[in-house]
Amino acid sequence: MTGIADGRVVIVTGAGRGLGRAHALAYAAEGAKVVVNDLGVGLDGAPGPDSPAGQVVDEIRAAGGEAVAHGGDIATSAGAASLVAAALETYGRLDTLVNNAGFLRDRMLVNLDEDDWDAVLRVHLTGHFLPLRHAAAHWRAETKAGRTPRASIVNTSSGAGLLGSVGQGNYSAAKAGIIGLTLVAAAELARYGVQVNAIAPAARTRMTERAFARTMAAPDAGFDAMAPENVSPLVVWLGSAASAGVTGRVFEAEGGRITVMEGWRPGPTADKEARRTPAEAGATARKLLAQAEVPGVVYGAG
């Protein structure tokens with residue numbers, strides 16, 4: 001039976017565990033050849049003793065699929081370039097990039113030092129930008145050679161990037177930046193046959209099961225709404241040719257629920273057509289706020 005991703009070559013970063021592992025397995029089950037990237041670091045980004053990427057590759061191959069492991073640091077240009085090269089050298093093409101790698105270093109802002117700020121932005125935001133850049137360069141070259149691809153990029157944001165999250169200023173900023181990157185990439189890369197979308201998943205992973213232990217706990221019976229495998233079907237569809245025409249979108253995915261996020265849009269407005277005094281500006285702002293929707297709930301880290 002032909003799967004929705006049959007014949008496509010897909011890169012998944014951070015694919016050794018959690019959501020990335022679920023995505024890699026789901027793509028392989030739908031016929032894709034998968035490059036499984038994982039640096040094998042701990043929850044805080046420190047190097048671990050063994051990379052789990054090879055274990056995921058073994059799972060895929062045992063089920064009759066095709067996969068290869070990549071252990072490079074995709075937050076470096078050399079590592080991101082070697083990731084794209086791994087797909088091209090192993091399978092001769094690249095169709096989909098799923099940016100998923102990340103870790104946490106949670107602190108309240110007054111306790112958040114520069115190193116923890118930089119580390120989280122490096123892995124999440126730079127770790128999205130560099131693979132995207134190298135993949136896009138390949139697809140641009142293909143287009144210039146007369147072989148316009150039907151390519152897809154799926155980025156991973158978070159509810160923290162949409163609404164903020166107490167105790168996660170670095171993570172929230174990085175995830176919000178990923179949404180901005182997604183919108184720009186969708187606009188810039190359309191001419192090369194590339195669709196770019198983002199997901200904001202809610203699922204049980206190493207990052208969430210500690211911060212939200214009660215919410216993320218698996219039930220004793222019935223539907224496990226927080227299983228990471230629930231998010232993967234949308235990611236597989238977005239990375240397949242079946243999603244043609246869908247680009248520049250952000251989706252929330254949790255359990256059996258999929259939501260199209262509509263982002264910033266103009267709300268109540270007032271134009272005096274002249275300069276206001278500070279007091280007048282404040283009075284106008286308060287009047288407009290009274291007419292505006294109440295912001296979404298800000299996540300809590302505890």
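Strand β4 (residues 96-98) runs parallel to strand β5 (residues 151-156), and three bridges join the two. Leu97 has Ile153 of β5 as its bridge partner. Strands here count as paired if DSSP finds at least two bridges between them. This is a predicted model, in which local features need pLDDT of at least 70 and side-chain atom pairs count only at pLDDT 80 or more, while totals for chains, interfaces and linings use all residues. Residues are numbered from 1 along each chain as its sequence is written, and side-chain values use heavy atoms, with hydrogens and water left out.

The β4-β5 pair belongs to an open, mixed sheet of eight strands, ordered β3-β2-β1-β4-β5-β7-β8-β9. At its edges sit β3 and β9, each of which pairs on one side only. On average, neighbouring strands of this sheet are turned by 20° against each other, ignoring direction; such angles run from 0 to 180 degrees between N-to-C directions, with axes as lines fitted to C-alpha atoms, for helices over the stretch in contact. Ala253 stands opposite Ile258 in β9. The hairpin of these two strands has two residues between them, and Gly255 takes a positive phi near 55° there.

In total, the chain has ten helices and ten strands, taken as DSSP runs numbered from the N terminus (helices: H or I, at least four residues; strands: E, at least two). Two of the helices, α1 and α2, lie across parts of the sheet. Helix α1 covers β1, β2, β4 and β7 (194-202), running at about 170° to β1. Helix α2, for its part, lies across β2 and β3, at about 175° to β3.

A closer look at α2 (residues 53-62) shows Ala53, Val56, Val57 and Ile60 buried, that is, under 20% relative accessible area, as against over 50% for exposed and partly exposed in between (1.4 Å probe, protein chains only). Seen down the axis, these buried residues fall within an arc of 100°, so they line one face of the helix; the arc is that of the directions from the helix axis to the C-beta atoms. Gln55 and Ala62, on the other side of α2, are exposed. The buried residues pack against α1 (18-29), β2 (33-37) and β3 (66-70), with contact meaning heavy atoms within 4.5 Å. Just after α2 comes Gly64, with a positive phi of about 95°.

Ile60 turns up again in the largest nonpolar core, which has 29 residues; Ile60, Val12, Ala24, Tyr27, Val34 and Val36 touch the most other members. A core of this kind is a set of buried Ala, Val, Leu, Ile, Met, Phe, Trp, Tyr and Cys residues joined through side-chain atoms within 4.5 Å. At least two residues each come from β1 (9-12), α1, β2, α2, α9 and β8, and α1 gives the largest share, five residues. Leaving out residues up to four places away in sequence, Ala24 touches Val12, Ala15, Val34, Val36, Val56 and Ile60.

Ser240 counts as buried because its relative accessibility is 2%. Not counting residues up to four places away in sequence, Ser240 touches Ile4, Arg8 and Ser152. Across the chain of 302 residues, buried residues make up 46%.
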